[in-house]
Amino acid sequence: MTAPVGVIGGGRFGRALAGAVSRHGLGVRLWTRRPDEIDLEGVFVTNLPAELEPCELVFVCVPSPHVERIADLFATHLDGGHLLVHVSRGLIGSDLVTVGDVLMARTPVRRVGAMAGPISAHALEAGDPSGVVVGSRFPETTVSVRRVLAKAGCRVYGTDDRVGVELASALAGLVALAVGIASGLGLGPSMRAVLAARGMVEAARVVRSRNGRWATLQGLAGWGDLAAALLDPTRPELAYGKGLGEGRIATSETSHDEVFIEGRSLCRNVVRFAQSRGIEVPLLEALDAVLGGTAPHDAMKRLLARPVGSEGIETLGP
Amino acid sequence: MWRRLARRRFQLPRFEPYVPRATDPKTFWLDTERDDLVEEVVRRIVARHGGDPEAVEAVLSDAVYHEIQRLEAQHDEESRARLGDWRELVRALPTLSFDRRVQTLEDRTRRMAYDVAGNFDPRVYRFAAKVVPTVLASVMHPGSLLPTEGSLDPELRSLVVAQGDIERLRRISEVATVVYVPTHASNLDSLALAWALYREGLPPVVYGAGKNLFTNPIISFFMHNLGAYRIDRRIRAQLYKDVLKTYSAVLLERGYHSLFFPGGTRSRSGEVEKKLKLGLAGTAVEAFARNAVRGRTRPMVFVPTTINYTLVLEAETLISDYLHQQGRSRYIIDDDEFSRIDRWVAFFHRLREHEGACILRFAEPIDPFGNPVDAEGRSIGPGGRVLDPTRYLRFEGSLTLDHEREHAYTEALGADFVRAFHENTVVMPSQAVAHVLYRWLVRATPGVEPFARLRRKGELAVPRSEVTAALGRLRDRLLELEAKGALRVSPWLASASPDRVIDRVLAEWAGYHLTTIAAQRDGAIVAEDPRLLLYYGNRLRPWALELAEPGEERVARELLAEVWEA
């Protein structure tokens with residue numbers, strides 16, 4: 001008998017994922033703090049971590065601020081037989097510790113992966129074809145996700161660069177946020193594209209300094225994800241950014257369309273990380289200023305007043 | 001003559017084979033099992049290539065090419081003995097039938113495996129256990145009559161100190177295969193570890209030692225007969241590397257306690273190793289997996305160990321090599337202090353009254369997946385739950401072998417080793433004094449290119465009272481770090497007055513090293529040899545920022561930014 005698939009977190013993405021897997025005939029167990037609020041056909045919903053013990057593949061779909069607590073909660077119910085795959089865009093602290101690192105450090109699970117890319121809760125709910133990349137040093141993790149999501153029309157690519165996937169996903173999210181703000185300020189597609197490309201150069205510098213691969217950023221977790229945001233104005237990061245730019249949304253709001261936005265503290269930590277290592281990240285510094293309360297218009301003006309130099313991508317290597 | 005003697009494999013004559021008793025440690029079986037171990041290595045390697053004519057040709061051609069190249073370059077007795085044979089094979093290889101090629105592969109593998117295979121003679125073990133302390137003691141008491149074993153023991157006991165949960169290790173050794181993975185600073189490491197194991201009642205281990213260590217005939221005799229197998233780093237043939245890996249894997253699968261230095265070679269810089277060569281640790285992980293798939297679930301337990309010396313026998317050679325080669329270290333050094341008896345005498349003589357001149361610290365034992373292991377050999381998870389380590393090898397309900405997965409487990413394990421090395425580094429008095437003085441040198445030479453800094457011999461003089469005060473403050477911060485579990489401080493450094501620490505360290509350096517590292521003149525401490533200050537102080541480099549004086553983070557950053565590699 002095939003082991004059921006576990007999902008930790010009853011947020012929008014967790015529910016969409018559980019629903020999509022269940023619709024294709026696989027057993028799903030979803031853990032959430034409030035099981036009464038969720039009713040998904042074919043999904044066993046629970047608030048007891050022990051109920052996820054019989055699973056082999058377990059998706060972790062909780063925002064990064066809760067990951068340490070959740071890891072501790074499940075540490076006594078998981079072991080070496082489990083495969084943990086998280087979908088968080090967050091990074092922890094100014095050393096940019098990844099969610100995968102936290103799961104490795106706090107649970108006995110070793111086969112840990114990070115899933116990222118253009119996939120969205122909306123695509124899963126609608127059954128739209130989509131794609132993701134799973135970053136893991138353990139090939140079985142990717143194989144397992146592929147088997148589970150292929151039926152839901154999702155193309156699952158693999159890489160062994162887990163840290164690269166985690167950083168690419170977090171940074172592409174921040175760049176999408178910045179592009180959203182630009183759109184809210186009324187900047188046209190041409191300038192938005194400039195910001196996207198320059199933002200990804202900054203992202204590449206950060207990825208490299210954490211020993212991730214530049215190529216990973218060029219793949220689904222980085223550019224793939226950003227392209228999805230640029231093509232679809234309803235994507236949460238983009239819409240949230242646009243709201244900030246237009247002054248409709250306050251920076252104190254932490255979620256949009258039921259999706260947690262890894263914004264303010266993530267951006268602050270990335271900027272601190274970059275500054276402490278002498279990495280140039282002007283776009284992210286401007287975003288940090290906006291998220292810290294500077295008027296978006298002023299921050300953008302300062303950013304665009306910077307002198308223009310070489311693209312600086314030749315030093316990023318393969 | 002010495003060199004010729006050293007190349008011979010000396011064994012005591014045996015008229016009746018030693019039959020190990022049930023209570024003997026596994027290593028006592030090595031002699032009995034030797035032929036069988038070699039045959040198992042041969043069988044596995046032939047099976048790996050044997051069915052595929054292309055693979056057999058490739059592996060033989062590679063061996064022929066590399067061996068001829070090596071022997072031609074070596075130009076020694078071995079060349080004379082073996083070169084003709086390999087050249088003959090070059091000529092014959094194209095005309096050999098497939099069966100003959102397989103036979104040739106088998107023969108060459110067997111020859112290499114016998115060259116590698118270790119031996120263990122319980123008589124030598126018992127003899128060494130009695131004699132080594134006496135020899136060491138007489139080295140430390142030159143001129144005095146040989147003391148009796150009983151009278152010297154307390155002093156020796158305090159010369160090498162073992163720390164850690166030894167009782168747990170003793171019990172684990174009975175039910176599990178134990179793999180010691182120590183830091184590597186000196187060629188004395190394997191001897192210090194072997195002796196500490198014996199003294200603490202822990203079973204002996206088998207280990208791979210570079211062939212260059214066998215150049216001293218006396219040491220060679222002991223190594224040959226105490227479980228060491230020979231690794232000739234000059235041999236580049238893939239077949240030889242396969243033989244080594246397979247030999248170590250077979251030993252591990254059969255439950256022989258083993259010792260690997262994951263740093264691969266002695267730390268040239270003095271710093272605890274950060275980058276590990278995990279090939280042999282990987283064989284241990286794979287050995288556990290292969291046993292598990294066959295239904296054998298004897299635990300495999302790794303014990304990261306730090307070996308901390310207040311004086312390092314080969315310090316001068318190591319740091320010169322580090323600096324001269326600018327990072328491209330010579331891999332094999334066969335002319336260092338280790339091969340010179342006079343340096344040994346000076347070394348032990350200097351240390352004779354030093355309590356804990358060498359501290360071996362056994363970190364928490366862990367399973368191949370990084371989980372702590374209890375005295376019964378069980379893997380323990382968060383909350384004290386007992387974990388089944390074979391679950392890590394299950395996928396979709398079955399126990400599987402997956403080379404790539406095991407490789408990833410080994411990498412994660414390597415990160416655990418590095419963490420354990422840091423947390424169990426025992427800061428020794430010489431390292432603390434050297435760190436204080438070297439930091440002073442960096443402070444006094446801001447922005448100076450690192451190599452130029454090292455040329456400032458005898459230029460830095462710091463009032464003794466200031467060194468004493470700085471050492472006191474450094475010790476306070478070290479003790480704070482120890483309280484947080486970040487590192488350990490040697491008991492003597494923790495308790496003695498900074499003045500006494502400085503006096504003793506200066507005396508030890510002066511009494512052993514050929515160059516003066518630091519000296520006291522007119523109430524000031526003068527940094528005479530910045531290279532060795534760098535070497536000893538480097539042990540504290542990972543904590544340079546935490547140990548910086550208030551407002552002096554810049555100095556720590558500059559120290560950390562020093563690049564010695566080209």
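**Close-up views of a predicted two-chain model**

**View 1. A β-α-β unit in chain A.** Strand β1 (residues 5–8), helix α1 (residues 12–23) and strand β2(A) form a right-handed β-α-β unit. Right-handed means that, with the strands pointing away from the viewer, the path from the first strand over the helix to the second runs clockwise. Helices (H or I, at least four residues) and strands (E, at least two) are DSSP runs, numbered from the N terminus. This is a predicted model: local features need pLDDT of at least 70, side-chain atom pairs count only at pLDDT 80 or more, and totals for chains, interfaces and linings use all residues. Residues are numbered from 1 along each chain as its sequence is written, while chains are lettered from A and ligands numbered from 1 in the order in which they are written.

**View 2. Strand β2(A) and its partners.** β1(A) and β2(A) run parallel, joined by 4 bridges. Strands pair if DSSP finds at least two bridges between them. Val7(A) sits opposite Leu30(A). β2(A) also pairs with β3(A) (residues 43–46), parallel, over 4 bridges. There, Val45(A) is the bridge partner of Leu30(A).

**View 3. The two faces of β2(A).** Val28(A) and Leu30(A) point one way, Arg29(A) and Trp31(A) the other. All are buried (20 or more other C-beta atoms within 10 Å of the residue's own, C-beta atoms being placed from the backbone).

**View 4. Helix α10(A).** In this helix (residues 236–246), 9 of the 11 residues are buried, so the rest of the structure largely encloses it. Among them are Pro236(A), Tyr240(A) and Leu244(A). Just after α10(A), Gly247(A) has a positive phi of about 80°.

Note on methods. Buried ≥ 20, exposed ≤ 12 C-beta atoms within 10 Å, placed from the backbone.
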